Amino acid sequence: MTPGAVTAGHERPGGVLERISDVFVARPQLLTLVLLLPPLLWIGIVYAGSLFALLLQSFYSLDDFSGLIIHEFTLSTYAQLLEEANLQIILRTVLMAALVTLASAIIAFPIAYYAARYARGKMKAMFYLAIMMPLWSSYLVKVYAWKLILAKEGILTWVAGALHLQWVIDGLLAMPVIGGPSLSFSYTGTFLVFVYIWIPYMILPVQAALERVPASYLEASADLGADPRQTFWNVIFPLALPGIIAGSIFTFSLTLGDYIVPQIVGNSRFMIGQAVYTYQGTAGNIPLAAAFTVVPMVIMGFYLWGAKRMGAFDVL
């Protein structure tokens with residue numbers, strides 16, 4: 001039997017794979033489509049499908065008498081969001097997210113500036129290790145650890161007593177709105193835990209933005225007679241602003257939707273995440289829970305639109 005007959009009767013090993021490879025080489029768009037198809041199907045069916053189902057549920061209503069969901073299109077559920085109690089939940093959550101974002105930016109900026117300008121070699125490696133290490137531990141472990149730290153018999157109260165500063169904590173807890181029986185049962189404690197949990201997400205984008213600021217810009221500013229304050233506000237801050245906005249996307253959105261921190265370290269006043277958890281769980285009011293879920297989605301939609309216009313995505 002001739003080699004040609006063998007080849008005709010039996011496909012060479014790897015022949016099919018070579019033909020497929022040739023097709024992909026000739027049509028690179030087809031290869032891109034094949035590679036993207038699984039994640040696109042996942043996003044389209046699982047992610048977008050669940051969002052659509054959620055949005056659809058928000059246009060239904062709950063029968064007050066029977067407790068059953070009425071599957072008829074209505075805007076009455078969204079009208080309930082404008083009731084005073086629900087509106088207070090939304091405003092309280094947005095205010096907390098804004099304050100956490102502002103505090104994170106103020107704390108993160110000097111840390112990021114030092115890492116971008118002065119840290120080198122092992123020092124920079126230690127910086128990344130120190131920032132990333134809290135992210136390696138369990139979220140719940142960190143929250144419960146802070147609950148113990150902020151408790152009335154916790155280490156923070158003990159340190160304040162040893163330094164004769166107990167009056168500071170007592171005065172803070174006596175203040176309306178932000179006070180409470182203890183730091184672990186107050187908005188102040190919720191705020192502190194949120195800042196600790198999310199601050200790495202602010203430091204890293206700001207540090208990346210500051211590393212892109214050429215040192216020659218600072219030297220030129222000094223040569224032109226600008227003092228450090230003028231250099232900061234006219235050179236450093238505008239160039240670092242996209243990084244701050246990029247970090248704020250994480251801190252603001254994560255605070256906006258979180259329900260674990262307010263549930264463990266907080267008082268009895270709900271935030272959006274707790275409202276969603278309660279309405280879809282014990283209350284069984286899925287339409288109102290879905291409507292509450294749409295609120296942070298709309299807020300973050302406008303937030304991301306503004307962040308994109310300010311170039312924040314270039315730093316991510």
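User: Is Arg117 buried or exposed, and what is the nearest side chain of opposite charge?

Analyst: Arg117 is buried (under 20% relative accessible area, with exposed over 50%, partly exposed in between, 1.4 Å probe, protein chains only). Arg117 has no salt bridge. The nearest side chain of opposite charge is Glu219, 8.4 Å away. On charges, Lys and Arg count as positive, Asp and Glu as negative, while His and the chain ends are not counted. A salt bridge needs a side-chain nitrogen of Lys or Arg within 4 Å of a carboxyl oxygen of Asp or Glu.

User: What kind of model is this, and how is it numbered?

Analyst: This is a predicted model, where local features need pLDDT of at least 70, side-chain atom pairs count only at pLDDT 80 or more, and totals for chains, interfaces and linings use all residues. Residues are numbered from 1 along each chain as its sequence is written, and side-chain values use heavy atoms, with hydrogens and water left out.

User: Back to Arg117. Which helix is it in?

Analyst: Arg117 is in helix α5, residues 84-117. Helices (H or I, at least four residues) and strands (E, at least two) are DSSP runs, numbered from the N terminus.

User: And which residues is Arg117 in contact with?

Analyst: Leu210, Val213, Pro214, Ala215 and Leu218, leaving aside neighbours within four places in sequence. Contact means heavy atoms within 4.5 Å.

User: How many salt bridges does a search of the whole structure find?

Analyst: The search finds 1 salt bridge. The side chains of Lys124 and Glu211 form a salt bridge, at 2.4 Å, N to O. This pair links distant parts of the chain. Lys124 is in helix α6 (residues 122-136). Glu211 is in helix α10 (residues 187-211). They sit 87 residues apart.

User: What is the relative accessible area of Lys124? And of Glu211?

Analyst: Lys124 has 18%, so it counts as buried. Glu211 has 39%, so it is partly exposed.

User: New topic. How many residues are in the largest nonpolar core?

Analyst: It has 19 residues. A nonpolar core is a set of buried Ala, Val, Leu, Ile, Met, Phe, Trp, Tyr and Cys residues joined through side-chain atoms within 4.5 Å. Those with the most contacts inside the largest core are Met96, Val100, Val143, Val193, Phe194 and Val265.

User: Which elements give two or more residues to this core?

Analyst: They are α5, α7 (139-150), α9 (166-174), α10 and α13 (260-264). The largest share comes from α10, with 6 residues.

User: What does Phe194 touch?

Analyst: Not counting residues up to four places away in sequence, Phe194 touches Met96, Val100, Thr255, Asp258, Val261, Pro262 and Met271. There is also a second, separate core of 18 residues. Among its members are Ala108, Phe109, Ile131 and Leu210.

User: And Thr190, is it buried or exposed?

Analyst: Thr190 counts as buried, because its relative accessibility is 2%. Thr190 is found in helix α10. Its contacts are Met96, Val261, Pro262, Val265 and Gly266, leaving aside neighbours within four places in sequence.

User: Now pockets. What volume does the largest pocket have?

Analyst: About 320 Å³. The search runs on a 1 Å grid over the protein atoms alone, and a pocket is an open set of points with protein on both sides within 12 Å along at least five of seven lines. In a cavity, by contrast, a 1.4 Å probe fits but cannot get out. Grid points are joined across faces, edges and corners, and a volume is the space filled by probe spheres set on the points.

User: Which residues line the largest pocket?

Analyst: The lining includes Gln88, Leu91, Arg92, Val177, Tyr187 and Phe191. Lining residues have an atom within 4 Å of a point. α5 gives the most to this lining, with 6 residues.

User: Where does Val177 lie, and what is its phi?

Analyst: Val177 lies in the loop between α9 and α10. Its phi is near 70°, a positive value in a residue other than glycine. Val177 is exposed, with a relative accessible area of 56%.

User: What about the phi of His164?

Analyst: His164 has a positive phi of about 60°, although it is not a glycine. His164 lies in the loop between α8 (155-162) and α9. At 66% relative accessibility, it counts as exposed.
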